[in-house]
Amino acid sequence: MLTKNVVIAHRGASGYAPEHTFSSYDMSHFDMKADYIELDVQMTLDGEIIIMHDETVERTAGLPGIIKEMTLEQIKQLDVGSWYNEKFPELQQDFYAGQTIPTLEEVISRYGAVNYYIETKAPEVYPGMEERLVEILDRHQLLTPERLTGNQTVIQSFSLESLIKVHNLVPGMPLLLLTKKEVLRNMTDDDLKQINHFVYAVGPSIKDLDQPLIERMHGIGFLVFPYTLNQPDDMTRLIDAGIDGAFTNYADRLRTAFNAE
Ligand code: G3P
Ligand code: CA
């Protein structure tokens with residue numbers, strides 16, 4: 001059911017390989033056996049759902065470009081592996097160079113019905129993104145009742161509006177609300193209880209997360225999966241404080257930390 005000691009591979013094994021590439025997902029899924037592949041989705045000018053953290057391609061492709069103004073054909077020209085070799089020479093691999101930005105359909109074709117934790121990124125920038133996302137997931141049989149009740153396809157967002165849209169499209173979809181530092185702490189119990197009617201988990205920043213806040217979220221009914229839990233000391237602290245899982249660039253480390261408890 002994926003509710004305890006849950007390891008969500010943040011952009012794949014992005015502590016060891018270029019984020020959101022098949023190398024990164026292969027490592028987290030096949031080698032580290034993470035529970036989920038985490039995917040950030042954006043939409044191209046021609047309506048294709050692609051996997052990319054930023055709204056621009058500059059950081060990982062080294063060229064200027066705004067995704068919503070680019071076609072899939074233009075996106076597919078880009079190399080999003082070489083930057084990693086240059087930035088992290090100690091981790092570089094020749095085969096990282098030349099890797100391309102995956103589409104959601106390509107990810108599904110490669111990994112099939114594994115567990116996906118999908119973030120609608122900047123949904124206000126991409127009208128219709130939720131509908132397109134749901135259409136693709138449905139067409140690939142990733143929205144079956146068994147997968148939804150088993151939390152095997154999850155949608156996450158910093159945008160409550162986007163989660164509401166997804167909920168209206170797929171009422172049984174497991175949803176996680178991401179929150180930046182201090183946001184969750186400042187929300188009222190009444191507001192959180194309303195949200196918990198259709199959102200099963202919260203994803204707070206690790207920056208202000210502590211045991212009282214985790215216990216308060218559990219009391220309302222949420223599971224707690226913070227981001228981004230990379231350092232062993234933080235892992236131990238937050239596992240002791242009661243988290244149910246986390247987003248991590250180091251799925252291997254987090255699994256080891258959970259197993260040590
Ligand atoms: O989705 C969890 C975490 O990834 C949120 O932050 O900026 O890495 O997408 P970000
Ligand atoms: Ca994310």
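Author: Buried means under 20% relative accessible area, exposed over 50%, and partly exposed in between, using a 1.4 Å probe and protein chains only. Helices (H or I, at least four residues) and strands (E, at least two) are DSSP runs, numbered from the N terminus. This is a predicted model, in which local features need pLDDT of at least 70 and side-chain atom pairs count only at pLDDT 80 or more, while totals for chains, interfaces and linings use all residues. Residues are numbered from 1 along each chain as its sequence is written, chains are lettered from A and ligands numbered from 1 in the order in which they are written, and side-chain values use heavy atoms, with hydrogens and water left out.

Reader: Which way do the residues of strand S7 (residues 201-204) point, and are they buried or exposed?

Author: Ala201 and Gly203 point one way, Val202 and Pro204 the other, and all are buried. In a regular strand the side chains alternate between the two faces of the sheet.

Reader: What makes strand S6 (residues 175-179) and S7 a pair?

Author: Two strands pair if DSSP finds at least two bridges between them. S6 and S7 have four bridges, in the parallel sense, and therefore meet the criterion. Leu176 stands opposite Ala201 in S7.

Reader: How do you know that S7 also pairs with strand S8 (residues 223-224)?

Author: Two bridges join S7 to S8, and the strands run parallel.

Reader: What is the handedness of the crossover from S7 through helix H10 (residues 211-220) to S8?

Author: This β-α-β crossover is right-handed: with the strands pointing away from the viewer, the path from the first strand over the helix to the second runs clockwise. S6, helix H9 (residues 189-196) and S7 also make a right-handed β-α-β unit.

Reader: How do you know where the buried residues of helix H6 (residues 129-139) lie around its axis?

Author: Met129, Glu130, Leu133, Val134, Ile136 and Leu137 are buried in H6. Seen down the axis, they fall within an arc of 160°, so they line one face of the helix; the arc is that of the directions from the helix axis to the C-beta atoms.

Reader: What puts the buried residues of helix H5 (104-111) where they are around the axis?

Author: Leu104, Val107, Ile108 and Tyr111 are buried in H5. Their arc is only 95°, which puts them on the same side of H5. H1 (22-31), S2, S3, S4 and H6 are among the elements that cover them, with contact meaning heavy atoms within 4.5 Å.

Reader: Why does Gln141 count as exposed?

Author: Its relative accessibility is 55%, and the limit is over 50%, so Gln141 is exposed. Gln141 lies in the loop between H6 and H7, with a positive phi near 55° although it is not glycine. Most residues other than glycine have a negative phi, and most peptide bonds are trans.

Reader: What makes Arg237 partly exposed?

Author: Arg237, in helix H11 (residues 232-241), has 38% relative accessibility, which lies in between the two limits, so it counts as partly exposed.
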